Amino acid sequence: MSLAWRLLKTAVISLWAFRSYAALMMIGLIIGIASLTVIHQIGQGAQQVVSSRMASMGFGADAFYISSGGGRLGVRRGMKRAITLTPQDAASISQVDGVAHVVPHKNVARTQVTAGGNNTNTRVRGATPGWAAARNWPLLQGRFVSLTDIRQSARVAVLGTTVVRELFGDVDPVGRRLRIGRTPFIVVGVLKSKGSSGWRDRDDIILVPLSTATKRLSRDDKLSGMRVTMTDASRVEEVKTEVTNVLRENHSLLPGVPDDFLIITPDELMKLITRQSRSLVAMLTFVSAVSLFVSGVVIMNIMLVAVSERAYEIGVRRAVGARRRDILYQILMESLIVAAAGGVCGLLVGLLLSYLATWLLAIPTAFSPTGFLWALGFSAGVGLLFGVAPAKKAAGLHPVEALR
Amino acid sequence: MIKLKGITKTYYRGKVETPVLLGIDLHVREGEFLAIMGPSGSGKSTLLHILGLLDRPTGGSYRLDGIEVSSLSDDELARLRNDKLGFVFQAFHLLPKSTALDNVLLPFTYAGHFPEDANARARRALGRVGLEHRLHHRPGEMSGGECQRVAIARALVNDPEVIFADEPTGNLDQRSSLEIISILQGLHAEGRTIVLVTHDTAVGCMCRRLLRVVYGKVVSDEPVAEPTVALQQLQTLKEAAK
């Protein structure tokens with residue numbers, strides 16, 4: 001039985017003797033660490049969802065996205081959100097060296113859609129034949145928008161599974177009629193389900209030929225955005241610069257006037273998402289840091305009371321040869337053990353809560369090793385920091401006074 | 001072994017000075033069995049605390065084994081207490097949640113290194129006070145006399161040069177008191193040095209030398225002519241009980 005083992009045993013025995021105090025000390029810490037854990041689990045989960053969503057959107061390294069309206073990524077663009085891109089822009093960009101494909105689309109405002117006696121309200125989007133491939137979005141049945149459809153501005157529609165369910169139920173929709181607003185369309189295909197991405201049902205969509213959207217469903221031929229695919233992933237920055245120049249020229253923007261469009265590269269998007277979730281995590285971490293601080297103060301006060309109650313034990317230890325620093329280390333060791341135990345309990349509670357959150361509330365969570373380390377580090381730090389005052393008090397007791 | 005010269009102790013509470021010891025001269029040789037007696041407030045406990053290095057004198061000189069202890073740091077005093085001194089207190093002062101064995105092992109925890117044979121030594125010390133059957137009992141599960149015997153074992157385990165006992169029988173009934181004193185007499189017979197504080201004359205008469213302290217001064221210091229043998233008293237008591 002080594003000395004370290006005996007010291008540990010001493011601390012555990014003392015803590016067990018004062019277990020009601022120890023439990024009190026741990027409560028605040030458990031709550032703080034549990035919330036810290038949940039926060040990190042949710043943050044991690046959101047990040048994973050975003051990454052997998054970006055992958056499912058086909059937002060590969062060799063593509064970028066141009067959106068109408070200027071401003072900066074991640075900042076609400078408000079009034080600047082004008083629809084500024086034109087079919088002419090798409091044509092110019094496809095001529096830029098290094099560009100493989102340009103896949104433009106146009107969002108029509110959410111529209112009332114009817115078929116037979118059923119109706120629903122859904123997103124309607126004008127697309128080109130390349131759209132489905134660019135997004136890795138396969139068909140479930142029927143066909144996609146074709147070049148002929150585009151040329152003829154045909155009134156054909158490809159439906160997401162949610163729309164199919166709302167309008168047709170179990171009936172095979174291909175070949176059936178529906179009305180988008182007042183315009184009649186024929187269903188030619190159904191998209192495979194992509195599932196909801198947490199905040200939006202991606203299957204709640206109708207695709208029509210781009211030319212149909214611009215000519216028949218809205219009053220202008222402007223584009224909402226386009227996906228630009230590069231021949232080579234390493235040329236993204238170069239192509240981005242050239243596309244910017246082309247668009248500024250097309251839109252006759254004078255030098256100094258800000259862009260009225262926005263180019264989003266997957267790189268920037270990923271950075272933005274991590275930055276956003278990071279600032280969220282930082283804020284929530286701050287909140288739990290405050291709660292941990294409070295629980296630290298609680299620990300300190302309870303320890304101070306416990307030290308007064310244990311004065312005679314400390315006196316005995318001093319009498320048999322404990323130095324001041326032996327007492328100091330003992331009390332520090334105790335608060336460290338309490339805090340670490342509280343941290344581990346809090347971590348387990350946090351893991352349990354985040355599994356419950358996923359299971360009951362469908363909030364995506366994922367195990368975060370950094371969160372795990374934060375939790376342990378934090379609680380140990382709290383224990384050490386707030387153990388100092390009680391430990392000093394205990395070590396400062398005069399043996400004779402303590403024995404009284 | 002112990003040499004006190006002009007030891008004074010004054011307590012300060014705010015601006016009020018309370019002189020407790022007014023100049024004590026004392027010489028304790030190896031193998032002595034000394035009782036310090038005096039009425040409450042005479043300073044006998046304070047004297048024992050100073051002798052036991054639990055407190056520092058305000059003035060005077062204290063040499064323990066030739067070392068002037070007033071020049072030592074707190075840590076050095078702690079080391080000396082651990083190495084050379086053993087304590088027995090009136091209220092036993094055992095750790096309530098630890099077993100008898102763990103209580104006796106306590107001094108080793110602070111000995112700098114934990115000896116290999118610590119457990120054997122602790123068992124031997126408990127055997128010496130007749131508690132080999134109580135190793136794993138906690139203080140709450142033992143009688144007062146047994147608790148005090150554990151405390152004696154704890155004082156013995158480091159093989160100290162002096163054992164200090166502060167009213168060791170103060171909380172005990174007559175029979176347990178006699179048991180404790182007879183253990184102390186046995187230890188003295190083995191050549192150990194014992195300094196004991198008591199206000200009980202009967203206990204004082206079981207030691208070999210009696211020092212009377214009144215108001216911080218030594219008023220008498222004489223050998224006990226015929227010390228009572230505690231073991232005999234114990235037997236008398238047992239016979240009377242029958």
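This is a predicted model: local features need pLDDT of at least 70, side-chain atom pairs count only at pLDDT 80 or more; totals for chains, interfaces and linings use all residues.
Two strands are taken to pair if DSSP finds at least two bridges between them. Strand 4 of chain B and strand 5 of chain B, the latter covering residues 67-68, run antiparallel and are joined by 2 bridges. Within this pairing, L64(B) has I67(B) in strand 5 of chain B as its bridge partner. The two strands make a hairpin with 2 residues between them, and D65(B), which sits in the turn, has a positive phi of about 55°.

Strand 4 of chain B, which spans residues 59-64, also pairs with strand 1 of chain B, residues 2-13. Here the sense is again antiparallel, and the pairing extends over 5 bridges. One of the positions to look for is L4(B), which stands opposite Y62(B) in strand 4 of chain B.

Rolling a probe the size of a water molecule over the atoms shows where empty space is left. Across the whole structure, the search finds 4 cavities of 30 Å³ or more. Y62(B) is part of the lining of the second largest cavity, together with I50(B), L53(B), D55(B), R56(B), P57(B), V69(B), S70(B) and L77(B). This second largest cavity holds about 40 Å³ of space, and its lining comprises 6 nonpolar, 1 polar and 2 charged residues.

The largest cavity contains about 60 Å³ of space. Its lining includes V320(A) from chain A, alongside R81(B), N82(B), L85(B), G86(B), F87(B), P107(B), R154(B), A155(B) and N158(B). Which elements supply at least two residues of this lining? They are helix 2 (74-84), strand 6 (85-88) and helix 5 (144-156), each of chain B. Strand 6 of chain B gives the largest share, with 3 residues. Sorted by class, the lining of the largest cavity has 5 nonpolar, 3 polar and 2 charged residues.

Attention now turns to a pair of helices in chain A. Two packed helices are described by the angle between their axes and the distance between the axes. For helix 10 of chain A (residues 311-319) and helix 11 of chain A (residues 324-361), the axes come within 10 Å and cross at roughly 135°. Helix 10 of chain A and helix 11 of chain A are therefore oblique to each other, since angles count as roughly antiparallel when over 145 degrees and as roughly perpendicular from 65 to 115. The crossing of helix 10 of chain A and helix 11 of chain A is right-handed.

Notes: Residues are numbered from 1 along each chain as its sequence is written. Chains are lettered from A and ligands numbered from 1 in the order in which they are written. Side-chain values use heavy atoms; hydrogens and water are left out. Helices (H or I, at least four residues) and strands (E, at least two) are DSSP runs, numbered from the N terminus. On a 1 Å grid over the protein atoms alone, a cavity is a set of points where a 1.4 Å probe fits but cannot get out, and a pocket is an open set with protein on both sides within 12 Å along at least five of seven lines; lining residues have an atom within 4 Å of a point. Grid points are joined across faces, edges and corners, and a volume is the space filled by probe spheres set on the points. Ala, Val, Leu, Ile, Met, Phe, Trp, Tyr, Cys and Pro count as nonpolar, Asp, Glu, Lys and Arg as charged, and the others, Gly among them, as polar. Axes are lines fitted to C-alpha atoms, for helices over the stretch in contact, and angles run from 0 to 180 degrees between N-to-C directions. Angles under 35 degrees count as roughly parallel, over 145 as roughly antiparallel, 65 to 115 as roughly perpendicular and the rest as oblique. A crossing is left-handed if the near helix is turned anticlockwise from the far one by less than a right angle, and right-handed if clockwise.
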